[in-house]
Every structure is written in C-alpha cells, then in structure tokens.
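User: I would like to learn how to read pockets, cavities and ligand contacts in a structure file. Could we work through one case together?

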Amino acid sequence: MPSRFIPPSAPQVQDFDCKNVDPSTIVQALITTGGVLLRNFIPNKKILSEIEKDVRPHINADTPWKGDFFPPETRRVYGLAGKSSTFMHHIVANSIYQSVCDKLLSSTHRCYIGDKIEESLSPPQLCNTLVLSIGPGARDQELHRDDMIHHNALPEISAEDYAIGRDTGIGLFVAGKPVTRANGATRFIPGSHLWDTMRPSSGDESAVYAEMEPGDAFIMLSSCYHGGSANNTSNEERLLYSCFMTKGYLRQEENQYLAVPQEAVKNFPLGMQRLIGYNVSKPFLGWVDLDDPRKALYGSEWKGSNGADLL
Ligand SMILES: O=C(O)CCC(=O)C(=O)O
Ligand SMILES: [Fe+2]
C-alpha cells in the first residue's frame with residue numbers, strides 16, 4: 001500500500017488534435033488537469049527541420065551544466081528570440097497557445113485616479129525560451145513546479161474553485177523528435193496544480209508521461225508538478241523545444257533585454273516585439289523615457305506616442 005494520499009479520481013489527461021480544437025476547450029482541460037496534449041501542433045515537418053537547423057550548432061557547442069537541476073547529459077539552447085525566428089513564429093507565437101495564454105494570464109486592474117476609475121489591461125509576455133537535448137543515461141529530473149520563480153504560494157482548491165489569475169505561467173513543450181517514456185518524456189502529476197504549494201509531490205506513482213510524435217505539444221500550467229524523466233535508451237536524443245509565457249507585470253525568467261540582441265528584436269513585427277517584452281504593462285510598467293520601450297530600439301528614428309499610451 002502506498003503510504004501517501006492519492007486522489008481517488010485523478011483527472012484524465014486530455015489529448016486534442018490541433019486541427020479541430022478550440023482554445024476554450026484547452027483552457028477548461030488545463031483547469032481540470034493542469035496539462036494537455038496537443039497533437040499536430042506543428043504538422044509541417046519542414047518547419048521542424050528549420051528549427052533544428054537553427055539550434056543544432058548551439059546544442060553542439062553547449063557543455064554539461066554544473067548545477068544539478070538538469071542531468072549532465074542535457075545540452076541546452078536559450079535566447080531563442082535571437083537564434084531562430086522560425087522557433088519564435090511557429091512555437092512561441094502559435095495562435096492556439098497564445099490564445100490559451102491570453103485567457104489565463106491576462107490581467108485587468110481597476111483603480112481610482114482622483115474620482116475617475118481607470119481600467120488597465122496587462123497582456124501576457126514571454127517568460128523564457130529553451131531547447132533541451134537530453135541524451136542516453138540521463139537520470140530523472142526532480143519533480144517541481146515552475147511557478148516557484150514567482151514565489152507563487154497557493155492554497156489547495158478544487159477545480160470548481162479555480163479562478164483565473166491563480167497561475168503565473170503556462171509552459172509549452174514541443175517534440176523535435178519522438179518523445180517516449182523510454183527516452184525521458186516529461187512526466188507530470190495531473191491535478192497537482194490544485195494542490196497547496198507546500199504539499200510535496202511524493203514521487204511518481206500518479207505521474208503521466210507526455211509521449212509525443214515530432215510536432216506534437218504538451219501545454220502545462222506552471223503550478224503543476226512535473227520533471228524530465230530518465231533517458232533509458234542507448235542511442236536516442238530527446239529533443240524538446242520549450243517556452244513559457246507569464247503575466248505582463250511579472251519579471252521574465254529569461255532576461256530578454258540582455259539575452260536577445262536588439263537587432264534581432266528590431267527584425268520582428270510589432271506583435272512579436274511586444275510578446276518579447278518591448279511593451280508597457282498598463283498602467284506605467286516598463287517604460288523608457290516615459291514612453292513605449294521600443295523607443296530604445298529605434299533611437300532618433302522613433303516616432304512614438306511620447307507617453308500618451310501608458311495608462
Ligand atoms: O526535461 C523536461 O521534460 C522538463 C524540463 C523542465 O521541467 C524545466 O526545464 O523546468
Ligand atoms: Fe520545469
């Protein structure tokens with residue numbers, strides 16, 4: 001008998017095909033389960049190979065990490081906004097993912113300025129970008145909740161009581177190659193996003209493995225217990241493309257302003273620049289010279305709003 005508490009009815013992990021799913025269905029499934037599988041997230045294999053071509057030299061140049069959060073067989077690439085516009089357009093900016101993030105991470109705040117109520121909208125922003133290549137022999141990564149970065153201390157609730165705003169981030173993991181339980185699929189504990197932060201994961205017995213074909217994706221709330229798993233194969237690389245989005249008024253995990261050359265940001269369309277963090281979270285958060293932070297990209301060419309659009 002396991003000594004720890006296992007919920008009598010762990011929620012069933014749902015599996016959708018991107019061809020015929022609408023974002024509200026995914027949001028509902030995330031609220032009940034904490035993670036969902038999305039098949040055919042990138043159906044075009046040419047896109048996948050373009051991303052791999054962009055990142056492979058960086059994977060090859062990486063060396064084992066000194067810390068123990070990742071097993072030493074892991075090679076990583078970060079700062080994807082400066083390294084692969086295909087990654088940015090087809091993974092980060094995917095319309096289904098962005099729509100799910102808009103619904104769960106947008107924030108509206110109302111406050112008085114004098115006797116007038118101001119309502120300000122803060123849309124989500126990119127939190128980090130990461131490619132993981134995890135080789136044979138890698139051990140299990142410890143189960144953890146990625147919302148620790150924002151000190152997100154949560155009480156235990158039921159899915160019916162889930163309120164938008166509880167989660168500070170949403171993760172996306174896209175398979176670059178087949179991801180199987182044997183080669184180390186991300187495992188997660190369905191329902192654990194509803195747990196109190198101080199409730200330990202207590203091991204893997206109720207974990208579900210997010211197995212994927214290349215181009216499939218796994219979306220997960222940041223408060224859900226998860227971890228990469230052991231790669232027990234002799235010759236398979238587990239190749240995963242990942243990013244997280246977070247609320248517009250929180251600090252980004254990966255410092256986009258330092259990790260991404262400004263020239264690369266300038267080459268993106270406005271919407272992507274805003275996603276990367278060149279945006280004002282209203283009211284008044286993130287300005288440069290009390291103006292849109294894109295002013296810092298364009299210098300004297302800048303013809304902005306001169307502070308008219310901060311509230
Ligand atoms: O390796 C994985 O599948 C998950 C990695 C992870 O959880 C993390 O980077 O925070
Ligand atoms: Fe994680």
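Analyst: Start with one element: strand 6 gives the most to the lining of the largest pocket, with five residues. Helices (H or I, at least four residues) and strands (E, at least two) are DSSP runs, numbered from the N terminus. This is a predicted model, where local features need pLDDT of at least 70, side-chain atom pairs count only at pLDDT 80 or more, and totals for chains, interfaces and linings use all residues. Residues are numbered from 1 along each chain as its sequence is written, chains are lettered from A and ligands numbered from 1 in the order in which they are written, and side-chain values use heavy atoms, with hydrogens and water left out.

User: What volume does the largest pocket have, and which residues are closest to its centre?

Analyst: The general idea is a 1 Å grid over the protein atoms alone: a pocket is an open set of points with protein on both sides within 12 Å along at least five of seven lines, a cavity is a set where a 1.4 Å probe fits but cannot get out, and lining residues have an atom within 4 Å of a point. Grid points are joined across faces, edges and corners, and a volume is the space filled by probe spheres set on the points. Here the largest pocket has a volume of about 480 Å³. It is lined by 26 residues, and Phe-69, Phe-70, Asn-128, Leu-130 and Glu-253 are the closest to its centre. Strand 3 (74-78), strand 6, strand 11 (226-227) and strand 12 each give two or more residues to this lining.

User: How do the residues of that lining divide by class?

Analyst: Ala, Val, Leu, Ile, Met, Phe, Trp, Tyr, Cys and Pro count as nonpolar, Asp, Glu, Lys and Arg as charged, and the others, Gly among them, as polar. The lining of the largest pocket has twelve nonpolar, nine polar and five charged residues.

User: Where does ligand 1 sit?

Analyst: A molecule sits in a pocket or cavity if more than half of its atoms lie within 2 Å of its grid points. Ligand 1 sits in the largest pocket. Two elements give two or more residues to the shell around ligand 1: strand 6 (125-134) and strand 12 (238-246). Strand 6 gives the most, with three residues.

User: How many residues surround ligand 1, and which are the closest?

Analyst: A residue is near a molecule if one of its heavy atoms lies within 4 Å of it. Ligand 1 is surrounded by 13 residues, the closest being His-144, Asp-146, Thr-186, His-226 and Arg-238.

User: Which polar side-chain atom lies 2.8 Å from an oxygen atom of ligand 1?

Analyst: A polar contact with a ligand is a pair of N or O atoms within 3.5 Å. The atom belongs to Arg-238, at 2.8 Å from a ligand oxygen. The side chain of Asp-146 has an N or O atom 3.3 Å from an oxygen of ligand 1, and the side chain of Gln-141 also has one at 3.3 Å.

User: How many cavities of 30 Å³ or more does the structure hold?

Analyst: The structure holds one. The largest cavity has a volume of about 70 Å³. Of its 13 lining residues, Cys-127, Asp-146, Ile-149, Gly-169 and Ser-222 lie nearest its centre.

User: Which residues does a cis peptide bond join?

Analyst: Most peptide bonds are trans. Here a cis bond joins Lys-282 and Pro-283, with omega about 0°. Pro-283 lies in the loop between helix 7 (270-276) and helix 8 (295-298).

Note on methods
Polar contact = N/O pair within 3.5 Å; in protein donor to acceptor, adjacent residues only side chain to side chain.
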